[in-house]
Amino acid sequence: MSIQTILSDLASSRDRREALYKHFHLNPELSLQEYRTAERIEAELRACGVDEVLKIGRTGLVAILRNGGGPVVAMRGDTDGLPMAERTGLDYAAEGVTQVDEATGLETPVAHTCGHDVHIVSLLGATELLHAHRGLWSGTFVAVFQPGEENAAGAKAMVSAGIVDQVPKPDVYLGQHVLGSLPGGAVGIRSGPLFSAAASIGITLHGKGSHGSMPNLGVDPIVLGAAIVTRLQTIVAREVAPRETAVVTVGSFHAGTKSNIIPDSAVLQLNTRAFDKEVEKHLHEAIERIVRAECEAARSPKPPEFRYYDQYPLTDNHDAPTVRVRAAFDAWFGEDSVDMSPVPASEDFSVIPDAFGCPYTYWGLGGFADWKNAPGNHSPFFAPDIQPTLDRGIEAIIVAASPWLMETGNGDH
């Protein structure tokens, strides 16, 4: 059985992989600044004998295992950390780790509080095992170590840097994400929308400054902004069909400097989520309509300004590869292969397979034994159980790739 033989090395490499995981966890780096991370990934790949390692962009890496004729399977692992402090208290916690953000020049805490360190080690482990057992599979395996997922820029950067021209076109593009919302050690997948489309919107509202005692001489952007925040709540409640899922969040409202000064502007920061492109389009159109109308009603001296950023596409699993991966998961993992519900978080995973024009599928990996009380991704307390998470992350990659790379697919058929 090919899979069982390939995975037979897991036990002997476990201590080394756990030490490597702790290294990455202790050394997180900001999006598109994963310089040391990329260097260590390349060093690990070359140490196990992988000689075709391409640098795509500043911090993106692709390892290619060519092993005769057959399908091309690509697997993505994202590599960046988050600009936040870890508070897990673990002996390998990145507490106190900081990095200067090249975009702002400011020093910020950094932590792997989303689980990308798990993704790195899982993909490195799977690549090493496939390289060591070339006699048990045929085709091409492409390991994509993608930077900058957390700011939605990394996949686009790799496309701009020419990944489509430098890498064999995949027959399928695979990905996984460690989560606290699945039972520990489980793998969950589904066809169709899995992660929502998302966008952040910066809105500048223009008022007319005045003394707090003379409001009649000004246009108060704080009152205007308050009206807008309240009115925006009607979009999901009254404009989106109840059967659809949509979120409009006002996460930031900044205006003014002193209690008796009416400022001349205010800035709102919004975030939207949707599982349907038309719903997302409606959200954005409704936001702009409401904001413009409220500004006109308030006698705003200038039209509002809108800036869209951190835009994530819908992750919409293609049916054919998802069915094949789910069948392989069911056969190999049994009860640990589960249905996954859509998650209203977002991913830039689909950008690269869309650029290639190839199908993709993406699954969740349960990272906590006490999953019902697990912290969510991006929590300062997010740190998955090291085992069985690291082993299962590697197993999931090998099993998911097996229908394309191994004649018998899953070794238990």
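## A ring cluster

Tyr173, Phe195, Phe349, Tyr360 and Tyr362 are joined into a cluster by ring pairs. Rings of Phe, Tyr and Trp (its six-membered ring) pair if their centres lie within 6.5 Å; planes under 30 degrees apart count as stacked, over 60 as edge-to-face and the rest as tilted. Eight aromatic pairs are counted by this rule.

This is a predicted model, in which local features need pLDDT of at least 70 and side-chain atom pairs count only at pLDDT 80 or more, while totals for chains, interfaces and linings use all residues. Residues are numbered from 1 along each chain as its sequence is written, and side-chain values use heavy atoms, with hydrogens and water left out.

## Two pairs up close

Tyr21 and Tyr92 are edge-to-face, because their ring centres are 6.1 Å apart and their planes meet at 70 degrees. Tyr21 belongs to helix H2 (residues 10–26), whereas Tyr92 lies in the loop between strand S3 (72–78) and strand S4 (98–100), so this pair links distant parts of the chain, 71 residues apart. Helices (H or I, at least four residues) and strands (E, at least two) are DSSP runs, numbered from the N terminus. Both Tyr21 and Tyr92 are buried (under 20% relative accessible area, 1.4 Å probe, protein chains only).

Phe329 and Phe333 make a tilted pair, with 5.6 Å from centre to centre and 55 degrees between the planes. These two are four residues apart in helix H9 (residues 319–333), so about one helical turn separates them. Phe329 is buried at 0% relative accessibility, and Phe333 is buried at 8%.

## Charges over rings

Arg307 sits over the face of Tyr309, 4.2 Å from the ring centre. The charged end of Arg324 lies over the ring of Trp404, at 4.5 Å from its centre. A charge sits over a ring if NZ of Lys or CZ of Arg is within 6 Å of the ring centre and within 35 degrees of the ring normal.

Key. Buried < 20%, exposed > 50% of the residue type's maximum accessible area, 1.4 Å probe, protein only.
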